[in-house]
Structures are given as C-alpha cells and as structure tokens.
Amino acid sequence: MADKPHQNLAVIGHVDHGKSTLVGRLLYETGSVPEHVIEQHRDEAESQGKGGFEFAYVMDNLAEERERGVTIDIAHQEFDTDSYYFTIVDTPGHRDFVKNMITGASQADNAVLVVAADDGVQPQTQEHVFLARTLGIDELIVAVNKMDLVDYDEDRYREAVEEVEQLLNQVRFQTDDASFIPTSAFEGDNVAEGSDNTPWYDGPTVLESLNDLPEPQPPTDAPLRLPIQDVYTISGIGTVPVGRIETGTMSPGDDVSFQPSDAGGEVRTIEMHHEEVDNAGPGDNVGFNVRGVGKDDIRRGDVCGPADDPPKVAETFQAQIVVMQHPSVITAGYTPVFHAHTAQVACTIESIDQKIDPASGEVDEEDPDFIQSGDAAVVTVRPQKPLSIEPSSEIPELGSFAVRDMGQTIAAGKVLDVTQS
Amino acid sequence: MGKVAAKLKVMPESPEIDLDALQDRLGDALPEGARINGFERDDIAFGLVALLPTVIVPDDAGGTEAVEESIVEVEGVESVDVENVGRI
C-alpha cells in the first residue's frame, strides 16, 4: 500500500456542541475504534436498557484506557481516509494551554469547527476560530451539528452558517476557505454518508471534505528561521546552538546571522540524532557549529537565519490580538510578557489602534481608551528588549505570540507589520 | 475538565549529565497534582540527549507553567520546552 501523507487535524468549537461525539463518530465510521471497546459499550448499554451508540462515552472509555497504559501518546486519535492519515489534535479546554499551542512543536494543519445548530456561535466558538487563524490553520470545515435537535430545518442551518461567516470575516478568515456541512454526529447524518434527512443539502460529507483537503506543504521555500533553544560549549567542537528549524533549510557552508544578538558566521557542521547531515529542514531538531560565534555571542530567544535575509528585529510591531481573560481592562502602557518562539520579552502595548466589533466584524472604534476580555483589537507593541519576530503574512511560523501576565495567558495574537530598528 | 498530557523536552546542562539520575530528580520535583507518565529520549547532536517526559496535569490546573518552573530549577537542567499538549 502506498504511503499516504499525514495531516494534523484540530477539532474546535464551544463546549457541548458535540466535538467528542463527532470525533467518536469519525473514528467509528473509519473503523478506528478497537472492537473490544465497542463490544464492551454495547453490553453496558444493553444492561442499562439504553439504545443508541454514545460516542462521547466511547471517547471517555478510550481515555481511561490510555491513562492506565505505560506511556501515553498524545497524538492518539488517528484515522485515515483514501488520501490521508489524520491525527486529531484534541485541544485542552483551559486557556492557559494556548501558550503551548503557539510555541509548541506540532501544530494542526487544518481544523473542523463544530457549531451546534440549536445554539449557534458562542464565546468559545469565537475564541477558537481566532486561535485557529493565529495558529496558521489553512482550511476550516464547519460542521453545523446537532441538526437532529432542530428537525433538520434548513432555515436554522442557514442562520448558523451566516453567524459563522460573520465570525470568519471578523478574524479575516477567507470564507472561501471554509466549507459548511449540516451534521448530526449523534445520528450519523452527513459524517460518512449523505443523509436523507437533509434533502436540501447536496454537498460533501465530513469525511469527503477531509479527504479533499489540500496536502500540507512543509515551509521549505521560506527563508531559514531557527529559534535558538540553548547554547552549549562542547569540548572538541566549540559553541553549539540547539533548536528546531521552523522554516527553510540549512546546510554546512551557509552564511548565517543570529538576531537580535547580531552575531554570525559560516555553518561548519550540523548534527541531527547524533549524525552529521548535509541538509536540515522544517521540524528538524538540530545542533550546529558556526565559525567565529562564541557561547556568549548568542542566547536562547535568538533566531538564526540567512545572512542575506536575516530575521527581523522589531523596534515596534503592529498586531491583531484577542483578549482571552483579564481581570480588569487593558490600556496603553500595559507591559505584560510576550511569548514568541523561544523568546520571552516584556513588551509595552504602546497604543490601542482599533477595536473590532465581534458581531459585525467591522472596526468598532478607532483609538479606543481600553479593551477587555472577549475583545479583538489591533495594537502597536514596543518590546522592552530586542525581539526577533516576523509578520505572519510573510512567515506565519514566527508571526504569532501568547501574552502572559499574573500567571495567566491573557491574550493571543499575530503580527501584522514589523517596524525594524 | 479532564486531564492533559504534555510532552516536555528537557535539555541537560551538558552531555556529561547522568540522565538516569536526572530522570529521578525530575520525578521528585513536580508540583502536586502533576505526575510523569513515562520518559522518552531524543538524540540531538554532539552527544547531547534530550529527555522527553510526558507529564499529566489536570485541565483546570491552569497550564504547564507550574511544571515548567519546577523542572527548570532541577540540578542539571539547562532548559525546558513544551513540545506538545493534548487532552487524554
């Protein structure tokens, strides 16, 4: 059998809109739920006199099983279609994990947004869609779920679609990149097979849409960006910076530059898995050695890039943020810590330029006095120490950040524009 | 809220650090409510080996910050990064 490409898929949406049920249904329909789990559930359901198949229950059961196991594989929910192997990235509910999603290694390529037809767009729907955008999700498949609860009413479906389209416009998500499907994950409508309950819908099912997604392309064509995690002195070798390549490629002989430390030189050797390599690319964890660069010349938080296209260093930058939680209000002058790639730098929000109305997606207010939880805004930010960061339109992998203060993740954002020092 | 598994990447201070002893120290250092569910190791470069513990934390514990802070204080640890998080 030919090897199929792999996709990381995020399933996002408001709590109780049916994420687990949809994931359970997808796993079940693709034959990815172990038979003994299904059997066990059937026996229990029968003994309790309940009919039907509770997919959320199956998911809980699998979770318990995994926890009893010796090692827990986070990338645990897997299924395949004709075109792809899918791994489901099941995002934790708590907002403080958003930082990990932004600075972490394996991000989702595409996402399924679940919106309940009887409940419509809710605050968490809004937050997740913004995060999906910030995290560089390309395509969104929108399941308007729980259609059984609204008697498969087309008007209610259209209303929900319209609400979601407004939300997508708000975060500048191209609605052309989103597809909408009326589903009941519970009953199985339009998940794996088209449904007689929705004769007014002739589009693809969820599985067909997943199968038709474009193949994710590793960002090899972008310039090299390698955020430095640690810098070592290794006897017999010299200074060895270590990190994961986000974009581009690196080879011995390349002339590289470290920013904002502003050091550079020629790459001598690159090692990966303790073996010398001629070339390393996106996702590779490497250690390397650069002629003329000493241990004190560079540090964690630096980004390594080509000398002729060096990482940008921001004097200021403009960003779009969403405030997720803040006990009071955010005004100009506020200086929390920004987490971007391996850097953590205190940054002052110098001005709040625009507040965006969640309902219409339009600019609600120019130069507002403050923003608060739930608001989306465009702000101008001044790092208090040099920070290397890129516009997310140019290098999305280096263009997003989490904002933390008081032990909480209070906002997430993406860089629109960088003014270099 | 359930539980969250976080795969961490812990870099030792040098290639000479005894990784078995370091694993033990990491297990002892975790804040209450968090526990390590197995280690993997990843050969990086020039003799450096990363420890990749999977740490289970409650979803309502407010993220991985407390775990990261206690691990970075452990003797022999150069840095800690969160590679991946997911609900279990």
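**Burial, packing and salt bridges in the predicted model**

A:Phe173 is buried, its relative accessible area being 2%. The structure described here is a predicted model. A:Phe173 sits in the loop of chain A that runs between helix 6 and strand 6 (178-182). When neighbours within four places in sequence are left aside, the residues in contact with A:Phe173 are A:Arg133, A:Ile137, A:Asp138, A:Leu140 and A:Leu168. For A:Arg133, which is 40 residues away from A:Phe173 along the chain, the C-alpha to C-alpha separation is 6.9 Å.

Chain A as a whole contains seven helices and 21 strands. Of its 421 residues, 55% are buried. Among the contacts in chain A with a separation of 6 or more, 73% are between residues 24 or more positions apart.

A:Leu168, one of the contacts of A:Phe173, also takes part in the packing of helix 5 (residues 123-134) against helix 6 of chain A. Two packed helices are described by the angle between their axes and the distance between the axes. The axes of helix 5 and helix 6 of chain A come within 10 Å and cross at roughly 45°. At this angle, helix 5 of chain A is oblique to helix 6 of chain A. The crossing of helix 5 of chain A past helix 6 of chain A is right-handed. On the side of helix 5 of chain A, the contact is made by A:Thr125, A:Gln126 and A:Val129, which meet A:Leu167, A:Leu168 and A:Gln170 in helix 6 of chain A. The residues of this contact between helix 5 and helix 6 of chain A comprise three nonpolar, three polar and no charged.

Over all chains, the salt bridges number 17. In the pair A:Arg225 and A:Glu390, the closest N and O atoms are 2.9 Å apart.

Since A:Glu350 is in strand 16 (residues 343-356) of chain A and A:Arg382 in strand 18 (residues 376-383) of chain A, the pair ties together parts that are 32 residues apart in sequence. The relative accessible area of A:Glu350 is 37%, which places this residue in the partly exposed class. A:Arg382 is partly exposed as well, with a value of 28%.

The peptide bond from A:Gln259 to A:Pro260 is cis, with omega near 5°, and A:Pro260 lies in the loop between strand 9 (255-259) and strand 10 (263-272) of chain A. A:Asp367 is not a glycine but has a positive phi of about 45°. The loop containing A:Asp367 lies between strand 17 (363-366) and strand 18 of chain A, and A:Asp367 is exposed, with a relative accessible area of 55%. In chain B, B:Phe46 has a positive phi of about 50°, although this residue is not a glycine. B:Phe46 is found in the loop between strand 2 (35-45) and strand 3 of chain B and is buried, with a relative accessible area of 11%.

In helix 2 (residues 65-72) of chain B, the buried residues are B:Val67, B:Glu68, B:Ser70 and B:Ile71. These buried residues pack against strand 1 (3-12), helix 1 (19-29), strand 3 (48-58) and strand 4 (77-87) of chain B, together with helix 4 (98-103) of chain A.

Terms used
Residues numbered from 1 in each chain as written. Chains lettered and ligands numbered in written order. Predicted model: local features only at pLDDT ≥ 70, side-chain atom pairs only at ≥ 80, totals over all residues. Heavy atoms only, no water. Salt bridge = Lys/Arg side-chain N within 4 Å of Asp/Glu carboxyl O. Helix = DSSP H or I, 4+ residues; strand = E, 2+ residues; numbered from the N terminus. Buried < 20%, exposed > 50% of the residue type's maximum accessible area, 1.4 Å probe, protein only. Axes fitted to C-alpha atoms, helices over the stretch in contact; angles between N-to-C directions. Parallel < 35°, antiparallel > 145°, perpendicular 65-115°, else oblique. Left-handed = near helix turned anticlockwise from the far one by under 90°. Contact = heavy atoms within 4.5 Å. Nonpolar A, V, L, I, M, F, W, Y, C, P; charged D, E, K, R; others polar.
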